[in-house]
Amino acid sequence: MLLRPRNWMEACCQKLKLNIDDTEPMKYFICDSWDCVRKERGNLLSTFKNKKCHCGKPMDREISLEERTSENGFVKETASFIICDDLRVMPNSLGTSVDLFHELGAKNMEAIEERTVEIGNKELLDLLKCSFLSKTPLTDFILNKKQFLYVYTKHQCQFEIGEVSSNVIRQMVLKVLIRKSDRKILFVEGQEDFADFIFGFLTLPLGGVLHMLGGFSSYSCLDKLYKSVTELCPYRYLMSPSLKHMLVNPQCAPQFGIYNQILQIGDLPVFYCKSYEKDMKQISVLVNSTKSLRLYGELYKTMDIVDPKSSDGKSNSGGYMVTDDLVVTPILSISGVSYLNRSKVRLSDLEQRVINIGLKECLSILKASLISTSALTNGLEKFIMPDKVLLITCFRSPDFRFVSVTILHIYKYFNPRCNVSLN
Ligand SMILES: [Zn+2]
């Protein structure tokens, strides 16, 4: 499930002219008991064949999902767009074109060349890859320019997260091992919740990550693409307002969300089993919404999804070790020691801290993991700075009217003899 995650919008994507999602459509299974789909509660649905139903029978009967949407693609057939080199998407109009030519410094039409380019799935994948690495993905891709690799100069603001409503109850405890000489996190030790959180990155849809990061992922092209979609009028340019909502706030595919996690992405979809009898046949079909106007004998029952991730009760109580570049291994007493040996770090250069992290820190690690190989050091920087003291200086103008206050953060680490009293 982690290595081949699914797309919860697969029904929409399968109708696209070019679809780079090559996973098989999701299959759903129920047991073959008619009573089990029509009872009041506890009706089970599984995405894996032969899971056991409450009645004891294997869930081996495939049930089809009634087509959720008749929409063909995401945008209206009559709509036309201009897509800029940085993946900004704008409605196509003469005014937009003229503004764009001005922006690009094109003084006359002779400077502009028109080309028709054919693209297939391979080219689409290349374009997707370019959009992670380049600020001009269309130029790089269409003109076959040598890929310009983003050089991410480290500005801490890149990893910062705006205000989030931090839920103090939802916290994880981590033991952090820091190399003092360069204030770098070598690894952290955490429990299952932290390993689940890190593994969960593999199941997140790209649009969902952008939504959680408020549209600021530090991938500038994808941020612009995301912003463009949020600004498009859904009635004029997109198939429906609900489709726009699905694009800017996508959920994990059913069962790919990790319950009880700090990073909650969207709501899990609800499935109902619609069942009725027709021509002496018992018919059941899976749907995502119920209807108030029903045929005689037609029932809609909420289905509980069997969680394929449910454990067998044996857990790794020893916890997990996660390195700065997000290599996750179960903790064995030897793994930390051998890692330290490989890192050639002196014992006197090590510092251990125990920290509590919540939603804000988790988002910061997620953001840092997109553009940095030091996801933990960058994501948890505030926890690894040395103890600091404050120096406050006040300046007063000669006429006693203007006072300025400067607050200096002085880290003991840089000046161990610094001795400031705060009076
Ligand atoms: Zn059953």
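Leu186 touches Leu177, Arg179, Thr323, Asp324, Tyr339, Leu340, Val345 and Leu350, leaving aside residues up to four places away in sequence; a contact here means heavy atoms within 4.5 Å. This is a predicted model, in which local features need pLDDT of at least 70 and side-chain atom pairs count only at pLDDT 80 or more, while totals for chains, interfaces and linings use all residues. Residues are numbered from 1 along each chain as its sequence is written, and side-chain values use heavy atoms, with hydrogens and water left out.

**Around Leu186**

- You will find Leu186 in strand β9 (residues 184-190); helices (H or I, at least four residues) and strands (E, at least two) are DSSP runs, numbered from the N terminus.
- Leu186 is buried, with a relative accessible area of 3%; buried means under 20%, exposed over 50%, and partly exposed in between, using a 1.4 Å probe and protein chains only.
- Leu186 and Leu340 are 154 residues apart in sequence, yet their C-alpha atoms are 8.3 Å apart in space.

**The sheet**

- Five strands form an open sheet in the order β14-β13-β9-β8-β15, with antiparallel pairing; two strands pair if DSSP finds at least two bridges between them.
- β14 (328-330) and β15 (350-357) stand at the edges with a single partner strand each, so one side of each has no neighbour in the sheet.
- β9 and β13 (residues 320-323) pair in the antiparallel sense over four bridges.
- Gly190 has Tyr320 in β13 as its bridge partner.

- The axes of α8 (residues 220-231) and α9 (residues 241-248) come within 10 Å and cross at roughly 160°; axes are lines fitted to C-alpha atoms, for helices over the stretch in contact, and angles run from 0 to 180 degrees between N-to-C directions.
- α8 and α9 are therefore roughly antiparallel to each other, a label for angles over 145 degrees.
- Tyr226, Val229, Thr230 and Glu231 in α8 meet Lys244, Leu247 and Val248 in α9.
- The residues of this contact divide into four nonpolar, one polar and two charged; Ala, Val, Leu, Ile, Met, Phe, Trp, Tyr, Cys and Pro count as nonpolar, Asp, Glu, Lys and Arg as charged, and the others, Gly among them, as polar.

**Two loop residues with positive phi**

- Ser218 is not a glycine but has a positive phi of about 80°.
- Ser218 lies in the loop between α7 (206-212) and α8, and is buried at a relative accessible area of 19%.
- Asp279, also not a glycine, has a positive phi of about 50°.
- Asp279 sits in the loop between β10 (272-278) and β11 (281-287), and is exposed at a relative accessible area of 69%.

Notes
Angles under 35 degrees count as roughly parallel, over 145 as roughly antiparallel, 65 to 115 as roughly perpendicular and the rest as oblique.
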